[in-house]
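Here is a short briefing on one protein chain.

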Amino acid sequence: MESQSASRRSVPGAQAVSRAAALLRLVSASADGASLQALARDAGLSRSTAHRLLTALRVEGLVDQDEGTARWTPGPELYLMGTVAAARYDITELSRDIVRSLAVKTEESAFLSTRRADETVCLVREEGSFPIRSFVLSEGVRFPLGVASAGLAILAFLPDHDVDAYLERHPELDERWGFAHGRAPLRRRLRETKARGYAVNPGLIVEGSWGMGAAVFDREGRPEWALSITGVEFRFAADRLPQLGRTLLSHAHQLSSRIAGARR
């Protein structure tokens, strides 16, 4: 984190770009739009700075503002950029039927997330048929690695030195996400995840909302994505977990194989 901050200070205009990028991420992650107050708070900016940056982004068409609610939403230019980027990063099209199959077979909400630096970002969501659902995760939502089940699965299969470096960069995990995300308990869950092949999140983000995740690998064997499912606690009873885990792992393996074949 310090090296990133130093780099931003050494490049003229980098701080403004970083702040604008943070606002774009927050706006994109808000399904129904976000208020100025919430955006300023989550980006760590004053209201006046956030408003100035958002106004500049709106002039460029990157964000928009609802006249009735004053909430900020993604703009048309952001959509066009996303469309162009999607042609290059086509993982969503490769994965969509697999994510849908996972939702059908487990009856739980199913997701594809991608690793983005020290976070995971949800790319695809498919609803399961079970009527009671968890809404912790949806497209655009980000979590630090090791917090949600997708990020836990990815972190568990990174090389040990990468895990060590990640934990050094983020000593704040337990303070922000609770004691269970301190180094010792997180390392224990990483070992358990690697041993069984999939991650289990027993309601550590929202009480009563459980999740499971399995890493998806690129051609070089790096865990760059994850499939996951979420649902209410009683749907993840001990006698059902192994069955869900096998289903999750088989779908993750199928997607890893598809990615390897598509990018030769």
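Contact here means heavy atoms within 4.5 Å. Among contacts between residues at least 6 apart in sequence, 55% join residues at least 24 apart. This is a predicted model, in which local features need pLDDT of at least 70, side-chain atom pairs count only at pLDDT 80 or more, and totals for chains, interfaces and linings use all residues. Residues are numbered from 1 along each chain as its sequence is written, and side-chain values use heavy atoms, with hydrogens and water left out.

**Overall**
- The chain has eleven helices and eight strands. Both are DSSP runs, numbered from the N terminus: helices are H or I with at least four residues, strands E with at least two.
- The radius of gyration, taken over C-alpha atoms, is 19 Å; this agrees with a compact globule of 264 residues, which would have a value near 18 Å. The globule rule is 2.2 Å times the number of residues to the power 0.38.
- Along the principal axes, the C-alpha atoms fill a box of roughly 55 × 40 × 40 Å.
- Buried residues make up 44% of the 264. Buried means under 20% relative accessible area, with a 1.4 Å probe and protein chains only.

**Sheet**
- Six strands form an open sheet in the order β5-β4-β3-β8-β7-β6, with antiparallel pairing. Two strands pair if DSSP finds at least two bridges between them.
- β5 (142-144) and β6 (199-201) are the edge strands, each pairing on one side only.
- From one strand to the next, the twist averages 30°. Axes are lines fitted to C-alpha atoms, for helices over the stretch in contact, and angles run from 0 to 180 degrees between N-to-C directions.
- Strands β3 (109-116) and β8 (223-232) run antiparallel and are joined by six bridges. S109 stands opposite T230 in β8.

**Helices**
- α11 (241-262) lies across β3, β7 (209-217) and β8, at about 30° to β7.
- α2 (14-28) has 15 residues and reaches 21 Å from its first C-alpha to its last, close to the expected 21 Å. The expected span is 1.5 Å times one less than the number of residues.
- Buried residues in α2 include L23, L24 and V27.

**Cores**
- The largest nonpolar core has 25 residues, and L112, M212, L227 and L255 have the most contacts inside it. Such a core is a set of buried Ala, Val, Leu, Ile, Met, Phe, Trp, Tyr and Cys residues joined through side-chain atoms within 4.5 Å.
- α6 (91-106), β3, β7, β8 and α11 each supply at least two residues of this core.
- Apart from it lies another core, of 23 residues, including L137, Y166, A199 and A226.
- Beyond its neighbours within four places in sequence, M212 is in contact with residues including L227, I229, F236 and L248.

Definitions and conventions
Buried < 20%, exposed > 50% of the residue type's maximum accessible area, 1.4 Å probe, protein only.
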